[in-house]
Amino acid sequence: MATPTVRLISECFIKPKFTSEETKEPCYLAPWDLAMLSANYIQKGLLYSKPHGANADDPNFIATFLDRLKDSLALTLDHFYPLAGRLVTKKEENPPSYVVFVDCNNSSPGVKFIHAAVDMTVSDILSPIYVPPVVQSFFDHDRVINHDGHTLSLLSIQVTELVDGIFVGCSINHIMVDGTSFWHFFNSWSEVFMAQLQGKNNISLSRPPVLKRWFPDGYGPIINLPFTHHDQFISRFEAPLLKERIFHFSSESIAKLKARANAECNSNKISSFQALSALLWRSITRARSLPDEQETSCRLAINDRTRLDPPLPENYFGNSVQTVRGVATAAELLEHDLGWAAWLLHQAVVGHTDNDVRGWLDSWFETHFIYHLGQFFDPNSIMMGSSPRFNKYGVEFGLGKGLALRSGYAHKLDGTVSCYPGREGGGSVDLEVCLPPNSMSALESNLEFMEAVSSTR
């Protein structure tokens, strides 16, 4: 049976509700941001049940809900106004200059807001073993790269109505946010929505964003890139055929993994996430049947805000993220135990200090390198992205707790793993694993891995 297609019902653009002199100033971008010019948007969203009585016979519910979303979004954008802008490149020939920044002025049409629908149920999305490809259609800006933000909105919201559910998909240009800032915005929008729903006036955010970008001493805010045309640093990458599956790990299962890893390396320093990442690294490497001498690695996304000395503000809005990694040959990884692999990851994390962050920044100012997905992701390694620490199920919009988190097409490659908090909380984790069909089948046949998995959905 053919999969139903998502139908576009309406679209519009939302601007900040109020403007000030500050919103007319350009937003200059830091090295962490500019390095993302050729990467994808971040695409994450939540699936909700429709409230009782909000069915096809109640057309007023969705209309009222959409109006409230739009109004609260406009208010939220007062605090996050650069998201309503567009990228601009300013070029000069004499002397040579190439500067990319965000134009926050009112000349931009604003944030895109889409209402769509699909003839599917919540069960159609959650019941299959593998995530249905139609979920990628719940997000706007499919397959675009961040540089496209010169002409496309930097933020796009798509609300897709299911027969008995609602999916709110958020796509934000990765130049503007890392995972920390993405969920900061999403939670702030939900906070404003709930405050309006409760009839509150003069709404203030519990966590106002710090919008001004940070630059090392002697640099910024205007960064001149060594290019004359975007073709010199832009590339587009098409992912291979992949299976995508959600594996759930209960808090009890993760506690056992952590205890086992620490016991095997005679330590008490291995974190739950390091133990879980080590399990994935070993299990996927075994599933791939790599040659013994093949080098493999496990990359972990790491927040640089707290690594700098002095640290950046917790609510610093933008990118401040790098990756660290453990490296081993396939033979070393599989001949040693879980604790050995976890210790490699632990050392990579604790070894990432202020000196490492500033060293990366110094290197960037020398090379001005831009991440390219096809080169950054190694098909013999894995990448643990996102974080179970982000408050993802706190985004409710008056619909109650979301049923599940899902993501779009962006950054899905062989060996990418997105980490979400489990819906029941308590330290449980959902892992969204992307692998080619043969590797996925081998992973599913791995007894060590599947014994640690609590359930799949």
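This briefing looks at one helix and a handful of salt bridges. The model is predicted, so please read the distances and angles below as computed values. Helix H4 spans residues 179-197, and the salt bridges in the structure come to 19.

**Helix H4**

- From its first C-alpha to its last, the 19 residues of H4 reach 27 Å, close to the 27 Å expected at 1.5 Å a residue.
- H4 is largely enclosed by the rest of the structure, because 14 of its 19 residues are buried.
- Just after H4 comes Gly199, whose phi is positive at about 80 degrees.

- Glu21 and Lys24 pair through their side chains, at 3.3 Å from N to O.
- Glu21 is exposed at 59% relative accessibility, while Lys24 is partly exposed at 41%.
- Arg143 and Asp142 also form a salt bridge, and their closest N and O atoms are 2.6 Å apart.
- Arg143 is partly exposed, with a relative accessible area of 38%, and Asp142 is partly exposed at 32%.

- Arg260 and Glu448 meet in a salt bridge of 2.6 Å, N to O.
- Arg260 sits in helix H5 (residues 251-264) and Glu448 in helix H12 (residues 447-452), so this pair ties together parts 188 residues apart in sequence.
- Through shared partners, salt bridges join Arg260, Glu264, Arg282, Arg286 and Glu448 into one network.
- Arg260 itself is partly exposed, with a relative accessible area of 31%.

Terms used. Residues numbered from 1 in each chain as written. Predicted model: local features only at pLDDT ≥ 70, side-chain atom pairs only at ≥ 80, totals over all residues. Heavy atoms only, no water. Helix = DSSP H or I, 4+ residues; strand = E, 2+ residues; numbered from the N terminus. Expected span 1.5 Å × (residues − 1). Buried < 20%, exposed > 50% of the residue type's maximum accessible area, 1.4 Å probe, protein only. Salt bridge = Lys/Arg side-chain N within 4 Å of Asp/Glu carboxyl O.
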